[in-house]
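Dear colleague,

I am passing on a structure that you have not worked with before. Please look through it first, and then read the notes that follow.

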Amino acid sequence: MTALLVALGAAVGAPLRYALGHHFDDGWHHGTLAANTLASLVLGACVGWSVGGSALALVGTGFCGGLSTYSSLAVQSRDLGLRRGAAYAVVTIALGLAACSLGYLAARL
Amino acid sequence: MTPPPRLLMAVGAGGAVGAVARYAATEVAADGSGFPWTTFAINVSGSALLAALLLLPLARRSSTWAAALGPGVLGGYTTFSATSAQARSLLADGRAGLALAYVAGTLLACLVAVTVVGLAAPPLPGEDEL
C-alpha cells in the first residue's frame with residue numbers, strides 16, 4: 001500500500017520536473033533548478049508539519065522525490081564544465097537547503 | 001514547448017518505478033541519524049546509471065524509452081529533496097561538519113561517477129538529462 005502511494009506521488013512529480021525542464025531549461029537549467037528547489041521546499045514543510053505515514057509516502061517520498069533529481073544535477077553539472085558546473089551545483093544545493101529550511105520554519109509557525 | 005504526452009507518460013511511469021525502488025532500498029537499509037549512506041548510495045548509483053544510459057541500445061533507438069529510463073526511472077530513483085532535508089536536519093542538530101561532509105561528499109561522488117562513466121558512454125542529448 002505504501003509503495004503504491006510512493007508510485008502515485010512520483011507519477012505526478014517526475015513528469016512535472018520533465019515539463020519544467022522542457023519549458024525553462026537553457027544554458028543554466030532553470031527548470032531543473034526550480035524542480036529541485038520546489039521539492040526541497042515542500043519536503044521541508046512536510047517535516048515541519050511532522051507529516052508521517054501515508055501522507056509522507058505520497059507527498060514526501062513520492063512527489064518530492066520524483067520532482068527532484070540528483071542524477072540530472074550531476075550530469076548537467078559535468079556538461080557545463082568545471083566553473084559553470086560547480087556554480088550551478090553549488091547554487092542548487094544552497095537554494096535547496098534554504099527552501100527546505102523555509103518550508104520547515106513556515107510549517108512551524 | 002510542452003513535451004509530447006507520450007514522453008510525459010513515459011517519464012511518469014518510469015518515475016513511479018524509480019521512486020518505489022528508492023523506497024524499497026530505504027526500507028531494507030534505513031538512513032538512521034548519522035551520515036545518510038543509503039540516500040548517498042542511491043544518488044551516486046543513479047547518477048552513474050544516467051551517465052551510462054546511451055550504452056543501452058534500447059535508449060539509443062527510442063526517445064520514449066530514453067525518457068522512461070533517464071528522467072523517468074533514474075530521476076525518480078535519485079532524490080535531491082531528501083538530501084536537502086537530511087542536511088537541514090543535521091544542521092539543526094548542531095552537526096554542521098557532518099552536514100557539510102554529506103552535501104559535499106554526495107556532490108563530489110556523483111560528479112566523479114558521471115565523469116568516469118562518461119569516458120565510456122556516449123554523451124546525452126539535453127532532453128535525456130532531465
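In which helix of chain A is the place of A:Gly65? A:Gly65 lies in helix H3, residues 53–67, where helices are DSSP runs of H or I with at least four residues, numbered from the N terminus. Please bear in mind that this is a predicted model, in which local features need pLDDT of at least 70 and side-chain atom pairs count only at pLDDT 80 or more, while totals for chains, interfaces and linings use all residues. Residues are numbered from 1 along each chain as its sequence is written, chains are lettered from A and ligands numbered from 1 in the order in which they are written, and side-chain values use heavy atoms, with hydrogens and water left out.

An unreviewed UniProt entry places a "binding site" at A:Gly65 and A:Ser68, although such annotations may be inferred rather than shown by experiment. A:Ser68 is in the loop between H3 and helix H4 (71–79) of chain A. A:Gly65 counts as buried because its relative accessibility is 1%, and A:Ser68 does so at 0% (buried means under 20% relative accessible area, with a 1.4 Å probe and protein chains only).

Contacts, meaning heavy atoms within 4.5 Å, link A:Gly65 to residues including B:Arg22 and B:Gly75, and A:Ser68 to residues including B:Gly75 and B:Phe80. The contact between the chains takes 46 residues from chain A and 47 from chain B.

Best regards

Methods. Helices (H or I, at least four residues) and strands (E, at least two) are DSSP runs, numbered from the N terminus. Buried means under 20% relative accessible area, exposed over 50%, partly exposed in between (1.4 Å probe, protein chains only). Lists of a residue's contacts leave out its neighbours within four places in sequence.
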